[in-house]
There are 2 protein chains.
Amino acid sequence: MMKEKLSAYLHAKARLSEDEMNQILHAFQEKKLRKHQYLLQEGNVSKQIAFVTKGCLRLYRVDEKDVEHIVQFAFEDWWMSDRESYVTGMPSNYHIDAIEDSEMLICDIDTFNRLGKFIQPLGDLMQSLQSKNFVTVQRRINAALSYTAEQKYQELLTYQPEILQRVPLAMVASYLGITRETLSRIRSQANRNLK
Amino acid sequence: MMKEKLSAYLHAKARLSEDEMNQILHAFQEKKLRKHQYLLQEGNVSKQIAFVTKGCLRLYRVDEKDVEHIVQFAFEDWWMSDRESYVTGMPSNYHIDAIEDSEMLICDIDTFNRLGKFIQPLGDLMQSLQSKNFVTVQRRINAALSYTAEQKYQELLTYQPEILQRVPLAMVASYLGITRETLSRIRSQANRNLK
DNA sequence: CGATTCTTTGAAAACAGTCAATCTGTGTGG
DNA sequence: CCACACAGATTGACTGTTTTCAAAGAATCG
């Protein structure tokens, strides 16, 4: 069931032979998390990549004052990993947990990279995802550095409305780098302006 | 002279045969820019990648109020391109110009990618640079979203002091997403605390 | 219901931005 | 060698936005 989802996803995005597809699917393991359960805890070195088939994961950092800062969400058909920890080989500064009951497929990153190297279409797909991700991230930097709270909210509405529809507002605020109170005020003001 | 710099750089970072090295060097063209001259202007589609051999380039966006927001600097031995415009194929929202008299080698991105695909060590190098860049960028997002102006400055001191040593403070401020006045006040206060 | 969890609202405080003036250093032309 | 212009940096007073803290109001779930 989970593997069928990944298979459908890969089928839609890359041209793979039956053999290649099986190789890839074979490398993944199923995993389920209930709401609030962890995939990764701070202090561990992360060597896994997850493909979400159901639910939603979040990647976040906790600062000195115990405030959470969400870096990324991952819904169905999205990939999630702590790339920073993987790249640096250092223990992770991040947590990954499920914000809904979720199902995912897990693969060791080294294994996955090897697959990407030997199976061209998979490598190309990953390359292209990285590029798209880069654009998202760059937009995010721009927003964080130069937008007001209100502009950040508008940008989210424009480019990632699915987040707003799916995630508690307190987490949206954390993702935007503002407080929940500020987000709440912006929204109520935006509503008033509509009328 | 410029090509020797690139050659030395590649030699240090990747194992390339003489033939491969020549292929790569051959794809690049020399270019010089005086201070304030443009490599890329907003509204164009960018298809080039630059390897800086001397001086310093900056990539920046200009907002509705004509305020500049610097996304990235590139000193000697750094790469610079407007990846967003390349990935999306849309006209660029960014400018690239020289903030010192600079020299660089230019290559068409498609050509360069093709080289990376056929010359494994080059592809691997680029992959690894992307990964490192990813970590930098992620740190930048964290800083932008959750740090005070002072913390951002401290982070820059720790992780990218070369920027501080090289670039006018007004540009440092723009890179940090704060005003030059605020940066100035932070610095004078930091000095006072030292005594 | 009762108990979390999530969201909203209000008032005060902190932080950074804006505007305007001044200061500093560097280089150029007389 | 001086004077002036210019770019960059600093300072002060004021304004505005966002955070903080505290409390209360919805919504959801067993």
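Tutor: We begin with how copies are compared: they are superposed by least squares on the C-alpha atoms of residues with pLDDT of at least 70 in both. Please keep in mind that this is a predicted model.

Student: What makes the relation between chain A and chain B that of a two-fold axis?
Tutor: Chain A is superposed on chain B by a rotation of 180°, with 0.0 Å of shift along its axis and an RMSD of 0.0 Å. That is the relation of a two-fold axis.

Student: How do you know through which surface the copies meet?
Tutor: Of the interface residues of chain A, 100% are also interface residues in chain B, so the copies meet through the same surface. Chain A brings 22 residues to the contact, and chain B brings 22 residues. On the side of chain A that touches chain B, β5 (68–74), α3 (83–88) and α5 (120–146) of chain A each supply at least two residues, and α5(A) gives the most, with 13 residues. By kind, the residues of that side of chain A are eight nonpolar, eight polar and six charged.

Student: What share of chain A is buried, and what makes a residue count as buried?
Tutor: A residue is buried if 20 or more other C-beta atoms lie within 10 Å of its own, and buried residues make up 29% of the 195 residues in chain A.

Student: Which residues are the closest to DNA strand D, and what makes a residue count as near?
Tutor: A residue is near a strand if its C-beta atom lies within 6 Å of it. DNA strand D is surrounded by 16 residues, of which the closest are A:Thr148, A:Thr182, B:Pro168, B:Ser184 and B:Ser188. The largest share of this surface, six residues, comes from α9(B). The residues of the surface near DNA strand D divide into five nonpolar, five polar and six charged.

How values were computed
Residues are numbered from 1 along each chain as its sequence is written. Chains are lettered from A and ligands numbered from 1 in the order in which they are written. This is a predicted model: local features need pLDDT of at least 70, side-chain atom pairs count only at pLDDT 80 or more; totals for chains, interfaces and linings use all residues. A residue is buried if 20 or more other C-beta atoms lie within 10 Å of its own, exposed if 12 or fewer, and partly exposed in between; C-beta atoms are placed from the backbone. Two residues are in contact if their C-beta atoms, placed from the backbone, lie within 7 Å. Helices (H or I, at least four residues) and strands (E, at least two) are DSSP runs, numbered from the N terminus. Ala, Val, Leu, Ile, Met, Phe, Trp, Tyr, Cys and Pro count as nonpolar, Asp, Glu, Lys and Arg as charged, and the others, Gly among them, as polar.
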